Amino acid sequence: RKKTFICAQNPPPTIDTSSLEEAEEVAKVKAQVNAQMEGTIKEDLPSRKKTFKFLILKWHPDKNQDNPELATAIFQFLQAQKDWYLKE
């Protein structure tokens, strides 16, 4: 059998968790946005259009230069929810 020794000169590699943290943040923001839309779904169509426009503008990637990946994910999520949220 071959024995493996870990020495201080060769520490084990670290795991990059940034993509996991980003996915968790996206999921959290999606849940918040979804809760906001569900909370206003019974409002009249003009009111929902106003809410949707606010969300689209808030999460547009061009308006979120500090975190474009998050903004893109939320913006795409909103676009996917548009038909459901704005149906008459």
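These legends describe several close-up views of a predicted model.

**View 1**
Read from the N terminus, its elements follow the order α-α-α. Of its 88 residues, 26% count as buried. Contacts between residues at least 6 apart in sequence can be sorted by how far apart the partners lie along the chain, and 60% of them join residues at least 24 apart.

**View 1. Helix α3 and its bend.**
Helix α3 covers residues 68-85, which makes 18 residues. From its first C-alpha to its last it reaches 24 Å, close to the 26 Å expected at 1.5 Å a residue. Where does α3 bend? The bend is at Q79 and comes to about 30°.

**View 2. The buried residues of α3.**
The buried residues in α3 are L70, A71, I74, F75, F77, L78, Q81 and Y85. Which helices do these residues pack against? Their partners are α1, residues 18-40, and α2, residues 45-59.

**View 3. Helix α1 packed against helix α3.**
Two packed helices are described by the angle between their axes and the distance between those axes. For α1 and α3, the angle is about 30° and the axes are 10 Å apart. Angles under 35 degrees count as roughly parallel, so α1 and α3 are roughly parallel to each other. Their crossing is right-handed. On the α1 side, the contact is made by E22, E25, V26, V29, K30, V33, N34, M37, E38 and T40. On the α3 side, it is made by E69, L70, A73, I74, F77, L78, Q81, W84 and Y85.

**View 4. Helix α1 packed against helix α2.**
How are α1 and α2 oriented, roughly parallel or roughly antiparallel? Their axes come within 10 Å and cross at roughly 165°. Angles over 145 degrees count as roughly antiparallel, and α1 and α2 are therefore roughly antiparallel to each other. The crossing of α1 and α2 is right-handed. Helix α1 contributes V29, V33, Q36, M37 and T40 to the contact. Helix α2 contributes R48, T51, F52, F54, L55 and W59.

T51 is part of helix α2. Is T51 buried or exposed? Its relative accessibility is 15%, and buried means under 20%, so T51 counts as buried. Leaving aside residues up to four places away in sequence, T51 touches Q36, T40 and Y85. Y85 is also one of the buried residues of α3.

**View 5. E38 beside Y85.**
E38 lies in helix α1, and Y85 is one of the α3 residues in the contact between α1 and α3. E38 and Y85 are 47 residues apart along the chain, and their C-alpha atoms are separated by 8.3 Å. E38 has 49% relative accessibility and therefore counts as partly exposed, since the cut-off for exposed is over 50%.

E88 is placed in the segment after α3. With 87% relative accessibility, E88 counts as exposed.

Notes:
Residues are numbered from 1 along each chain as its sequence is written. This is a predicted model: local features need pLDDT of at least 70, side-chain atom pairs count only at pLDDT 80 or more; totals for chains, interfaces and linings use all residues. Side-chain values use heavy atoms; hydrogens and water are left out. Helices (H or I, at least four residues) and strands (E, at least two) are DSSP runs, numbered from the N terminus. The expected span of a helix is 1.5 Å times one less than its number of residues. The bend at a residue is the angle between axes fitted to the seven residues ending there and the seven starting there. Buried means under 20% relative accessible area, exposed over 50%, partly exposed in between (1.4 Å probe, protein chains only). Contact means heavy atoms within 4.5 Å. Axes are lines fitted to C-alpha atoms, for helices over the stretch in contact, and angles run from 0 to 180 degrees between N-to-C directions. Angles under 35 degrees count as roughly parallel, over 145 as roughly antiparallel, 65 to 115 as roughly perpendicular and the rest as oblique. A crossing is left-handed if the near helix is turned anticlockwise from the far one by less than a right angle, and right-handed if clockwise.
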